[in-house]
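Please look at the sequence and the model together while reading.

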Amino acid sequence: MNSTVFAPWDDPQAKPLIQFRNVSKRFGAFTAIDNLSLDIYEREFFALLGPSGCGKTTMMRMLAGFETPTEGHILLSGQDIDPIPPNKRAVNMMFQSYALFPHLSIWENIAFGLRRDRMPKAELEARVEEMLRLTRLEQFARRKPHQISGGQRQRVALARSLAKAPKLLLLDEPLGALDKKLRQDTQFELMDIQEKTGTTFVIVTHDQEEAMTVASRVAVMDQGKLMQVATPDRIYETPNSVYVADFIGDVNIIEGRATAQGDESYRIDWAEGQPPLTASSPTSLSNGQGCHLAIRPEKVTISAERPAEAINAIQGKVHDIAYLGNLSTYHVELANGTIIKAQTANTRRISRRSFTWEDPVWLSWTATAAVLLEN
Amino acid sequence: MRRAVLIAIPYVWLLALFLVPFLIVLKISLSDTALAIPPYTPTLDLSAGWAGIREFFGQLDLENFVWLTEDDLYWKAYLSSVKIALISTLLTLLVGYPIAYAMARAPEEWRPTLMMLVILPFWTSFLIRVYAWMGILSNEGYLNQLLLWTGIISTPLTILNTNTAVYIGIVYTYLPFMILPIYSALERMDGSLIEAAEDLGCSRLQAFWLITIPLSRPGIIAGCFLVMIPVIGEFVIPSLLGGSGTLMIGKVLWEEFFSNRDWPVASAVAVILLLILVIPIVLFQRNQQKQAEADQ
């Protein structure tokens, strides 16, 4: 195995497989995609993440060829694909509804695309069998789509769209119809299959957990624009905006004013009667500039006494406790009514929990725990 | 007990409204014509007891059925009816499918209106609508006037009293029976199936042929049977719009009954017609059943 990290987006020599170049798409007066540029590299598992109506499905439909950009171009391996109809593109799509042909058997569904290419019979049969093996569907080959379960149907849809060995596979909310447990198993299966086939995957999802699990890079979208494109850990640890911080995972957002206090360190005055907070940030802010501080709940430590060496510490009382089994989230109310969430791992039995409702507690975090965001 | 009653109700219904009339017609078809009221013999005389019944059955014979094979008018009429039914079913399908397709593809808010337009003609008497066609198709009719006025033709076309007029009348009358089942099949179809087919390399036409047609097949079959079965026995349209050259078994049947007053031969014609119709009806039933099984 190649031990170097897979990160073609950091390599200036790497040629992207797909390039969106200043693409806009309008439906009448509605702008679905707004002057968007994006590069996706070969073998990537790329996730388009956003709330419904953010334009992620439009992006996918443009890649598949069902929509054409109003402005700008989309390039596949350097070639402008705008004039190429969907049936001539080396791109296949797995539909949200799976769109399995109900009058054809599983076998025939998988063979459908290959038959359109007039593949020789022996080769076709071998390819279909290979796809059936890959998705563990051998014993269902002769059944019709309505005779198998939802999870099996999902795998048929995947096998069918992979059968033609496309350069790019599009997955539209591929796991949306599955229940949570099956979805988690299938996520890992998808990653395995993506690795085995070496196909570039672009997945559309509104489920941030799913995007974080499967993707090599995630693009967070809102109202037809890309908010941030980065690896899942960058998106989570260093969101570039309040929107991204808030969309991905749980977060405490504190609004305040920044004052520089030395190298990359800022003092944030945020509420009357509360001590100022300290945060370090590589982005430079002018004195008195409005800013947001984003702190993940798991980076907030909860304790009964004020920790001696803590740089940021505020006092409050436990307002609510959400017990999630492995974790507990404490909602701590400060004197001014602000609620700050703090998360701890439940390494002890619940009967030995240190805090309960209405207990006075201290919340603390380090200077680097929070992300400082400009307004 | 309750189940038996529940099952019995439709069977009693069937017995009273189908089997009994059929047996009466069958009996008449085995009788001889007579100048009497009713115009056939024998009639069952129960007062004569067992001997009467024996004599009654003794007089029944297949003479009329033999007659149907001897005069070529009848088998020609049957054949012509089936031919006209097949051709007009095909024409109705060719006209109806695109309409149903367009309806199913129309914006959601338009569909009830379009459906209404298809059903609307049923609000007027069928007979009046056929009469209206006589006004349109006759030599001095609106169609000829329009064609003459636009200069497409210089002498009026003879359409009324030909088979063409019969086809026009049948296609017009039976179109809703073709459109509705096809529409309901197409409307249920998931639009992403066509996109999936295109995505996998189909052209628009191939996708239509490989996906849309097979998925609307139950609708096509239902529509074809709904049109063909009544058209084989159709009487009003050929007698109003057709000419002397239009040979249909419904017309022959009517003439035997009312012009010739030969009830036994007319009944024999009806029995054979029923047998001809039973075949497509059985096929239709089997199709429905298969579809119901497939939907499970």
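Is B:V252 buried or exposed? B:V252 is buried, because 22 other C-beta atoms lie within 10 Å; a residue is buried if 20 or more other C-beta atoms lie within 10 Å of its own, exposed if 12 or fewer, and partly exposed in between, with C-beta atoms placed from the backbone. The model is predicted, so that local features need pLDDT of at least 70 and side-chain atom pairs count only at pLDDT 80 or more, whereas totals for chains, interfaces and linings use all residues. Residues are numbered from 1 along each chain as its sequence is written, and chains are lettered from A and ligands numbered from 1 in the order in which they are written.

**Two residues of chain B**

B:V252 belongs to helix α12 (residues 249-259) of chain B, where helices (H or I, at least four residues) and strands (E, at least two) are DSSP runs numbered from the N terminus. Leaving aside neighbours within four places in sequence, B:V252 is in contact with B:L73, B:Y74, B:A77 and B:V269, contact being defined as C-beta atoms, placed from the backbone, within 7 Å. B:L120, by contrast, sits in the loop between α5 (111-119) and α6 (126-137) of chain B and counts as exposed because it has 10 C-beta neighbours inside 10 Å. The table sets out one C-alpha separation for each of these two residues.

| Pair | Separation along the chain | C-alpha distance |
|---|---|---|
| B:V252 and B:V278 | 26 residues | 20 Å |
| B:L120 and B:V271 | 151 residues | 35 Å |

Chain A has eight helices and 20 strands, and its C-alpha trace spans about 75 × 50 × 45 Å along its principal axes. Of its 375 residues, 38% count as buried. Four strands of chain A form an open antiparallel sheet in the order β2-β1-β4-β5, two strands being paired if DSSP finds at least two bridges between them. At the edges are β2 (30-41) and β5 (79-80) of chain A, each of which pairs on one side only. Strand β4 (residues 71-76) of chain A is joined to β5(A) by two bridges, and A:L76 stands opposite A:Q79 in β5(A).

The domain assignment divides chain A into domain 1 (8-245) and domain 2 (250-374), with bounds that come from an automatic or database domain assignment. The C-alpha centres of these two domains of chain A lie 39 Å apart, and five residues of domain 1 are in contact with six residues of domain 2. On the side of domain 1 that touches domain 2 there are three nonpolar, two polar and no charged residues; here Ala, Val, Leu, Ile, Met, Phe, Trp, Tyr, Cys and Pro count as nonpolar, Asp, Glu, Lys and Arg as charged, and the others, Gly among them, as polar.

**Contact between the chains**

In the interface, 14 residues of chain B are in contact with 16 residues of chain A. Of the elements on the chain B side, α9(B) gives the most, with six residues.
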